[in-house]
Amino acid sequence: MATAARSLHDLGFREVEAVLRADGVNPHHAKALWRALQREGELDLAARDFSPPLKRWVEEQVGEGRAFFLDAPAVSSEIHSSDGLTRKFLLRQQDGQETETVLMGYDGRHTACVSSQAGCAMGCVFCATGQMGFVRHLRPGEIVAQVLHARRVLQATQPGKRLRNLVLMGMGEPLHNYDSVIRALDIISNVRGIGIGPSRISISTVGVVPGILRLAEEGQPYRLAVSLHGSNEAERSALVPASKKWSLAELIAACRTYGEITGKRIFFEWTLIAGKNDSPDTARRLAALLAGIDGHVNLIPLNPTGGFSGVPAGEAAGYEFQRILLEAGFPCTFRQRRGIDVAAGCGQLKAEKVARAR
Ligand code: SAH
Ligand code: SF4
């Protein structure tokens with residue numbers, strides 16, 4: 001029986017070595033292959049000037065109908081913010097699924113924002129991806145390929161600049177696709193490959209409690225961001241249905257455990273929605289809830305989406321919310337929306353394309 005073809009981008013360095021060894025090629029050739037794939041982002045391995053054994057292996061094993069393929073998603077749409085600092089891509093995977101990847105460049109920092117799933121099962125009411133529902137998990141190679149794409153675009157548009165930061169804040173819930181995400185991040189942070197430092201990689205979760213605890217237990221070196229949006233069970237579960245599975249109380253307990261085990265600061269994301277979670281009372285409850293946790297709160301005004309009637313909190317409410325948290329001793333930033341003119345919210349480019357097609 002023929003086995004399904006595998007993506008070379010799914011493989012870590014050791015696995016590339018093992019694959020070559022199994023095919024009778026000296027594994028020391030893995031360095032050149034890995035370098036081409038991960039460091040240089042090569043998509044046409046057949047055109048490379050590899051040593052003869054590796055060249056032969058590529059000819060025999062990589063390509064249409066062979067054992068291995070490359071993840072090289074096509075760009076199905078692309079938009080830029082008017083200041084050119086945010087570029088958003090809808091990338092088409094091999095099976096036709098489309099996911100979003102964003103390249104941002106502010107304050108001299110270049111950051112890729114990638115997706116971990118096609119769609120999302122968590123159903124947050126304000127999120128365009130949640131409104132689509134879950135389609136499938138992305139493979140590690142599909143996550144790696146998004147970073148390679150963002151880096152290619154950065155090199156083409158701003159030669160000499162390096163992609164140093166990565167956030168898993170695109171479509172999907174990373175901790176619902178734990179194994180593939182961690183495998184992808186191992187590949188992305190490998191210094192002989194893309195080499196983004198683990199402390200510059202953030203995993204953002206809606207609060208998948210077992211995943212948070214696993215990150216801590218395994219000592220995963222990445223940063224953790226937790227999307228909270230509510231200061232008590234009722235407020236949160238109205239916005240985040242996953243809260244019914246993992247209650248706010250359980251989530252906060254998991255954050256405390258995470259902080260105790262890792263000693264690391266947690267970043268809390270808070271989408272500010274007028275009349276839903278932007279009042280001074282909510283801010284005070286939030287400060288009490290987080291007491292004793294080493295945390296940083298990021299306030300972000302809602303990006304309106306088609307399937308949700310809520311509106312962004314006003315600027316005055318945002319600054320007041322921030323003031324209360326700061327006064328209670330929590331670092332807190334109130335980010336004005338950036339790249340708003342490019343439908344920068346999670347899943348919105350895909351949602352707009354679907355809407356246009358109707
Ligand atoms: N599933 C993960 C990561 C992807 S969503 C999570 O929920 O954390 C990344 C961030 O975008 C989350 O903080 C989420 O709450 C926020 N977000 C989603 N839709 C938004 C919208 N319409 N406006 C503002 N923030 C939004
Ligand atoms: Fe999924 Fe995150 Fe969107 Fe919620 S906010 S639906 S968890 S992608």
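Student: Which residues surround ligand 2?
Tutor: Ligand 2 is surrounded by Cys120, Met122, Gly123, Cys124, Cys127, Gly130, Gly172, Glu173 and Val206; a residue is counted if one of its heavy atoms lies within 4 Å of the molecule. The model is predicted: local features need pLDDT of at least 70 and side-chain atom pairs pLDDT 80 or more, while totals for chains, interfaces and linings use all residues. Residues are numbered from 1 along each chain as its sequence is written, chains are lettered from A and ligands numbered from 1 in the order written, and side-chain values use heavy atoms, without hydrogens and water.

Student: How does the shell around ligand 2 divide into nonpolar, polar and charged residues?
Tutor: The shell has five nonpolar, three polar and one charged residue. Ala, Val, Leu, Ile, Met, Phe, Trp, Tyr, Cys and Pro count as nonpolar, Asp, Glu, Lys and Arg as charged, and the others, Gly among them, as polar.

Student: What surrounds ligand 1?
Tutor: Ligand 1 has 19 residues around it, and the closest are Gly172, Ser204, Ser227, His229 and Asn303. By class, its shell holds eight nonpolar, nine polar and two charged residues.

Student: How do you know that Ser227 and His229 make polar contacts with ligand 1?
Tutor: A polar contact is a pair of N or O atoms within 3.5 Å. A polar side-chain atom of Ser227 lies 2.6 Å from an oxygen atom of ligand 1, and a polar side-chain atom of His229 lies 2.8 Å from an oxygen atom of this ligand, so both pairs meet the cut-off. For Glu173, an N or O atom of the side chain is 3.2 Å from a nitrogen atom of ligand 1.

Student: How much of ligand 1 does the protein bury?
Tutor: Taken alone, ligand 1 exposes 530 Å², of which the protein buries 92% (Shrake-Rupley method, 1.4 Å probe).

Student: Why is H7 called roughly parallel to H9?
Tutor: Helix H7 (residues 209–217) packs on helix H9 (residues 248–262) at about 5°, with the axes 9 Å apart. Angles under 35 degrees count as roughly parallel, so H7 is roughly parallel to H9. The residues of this contact comprise nine nonpolar, two polar and one charged.

Student: What makes H2 roughly perpendicular to H5?
Tutor: The axes of helix H2 (residues 30–39) and helix H5 (residues 140–157) come within 10 Å and cross at roughly 65°. The range for roughly perpendicular is 65 to 115 degrees, so H2 is roughly perpendicular to H5. Leu37, Gln38 and Arg39 of H2 meet Val144, Leu148 and Arg151 of H5 (heavy atoms within 4.5 Å).

Methods: Axes fitted to C-alpha atoms, helices over the stretch in contact; angles between N-to-C directions. Helix = DSSP H or I, 4+ residues; strand = E, 2+ residues; numbered from the N terminus. Parallel < 35°, antiparallel > 145°, perpendicular 65-115°, else oblique. Polar contact = N/O pair within 3.5 Å; in protein donor to acceptor, adjacent residues only side chain to side chain.
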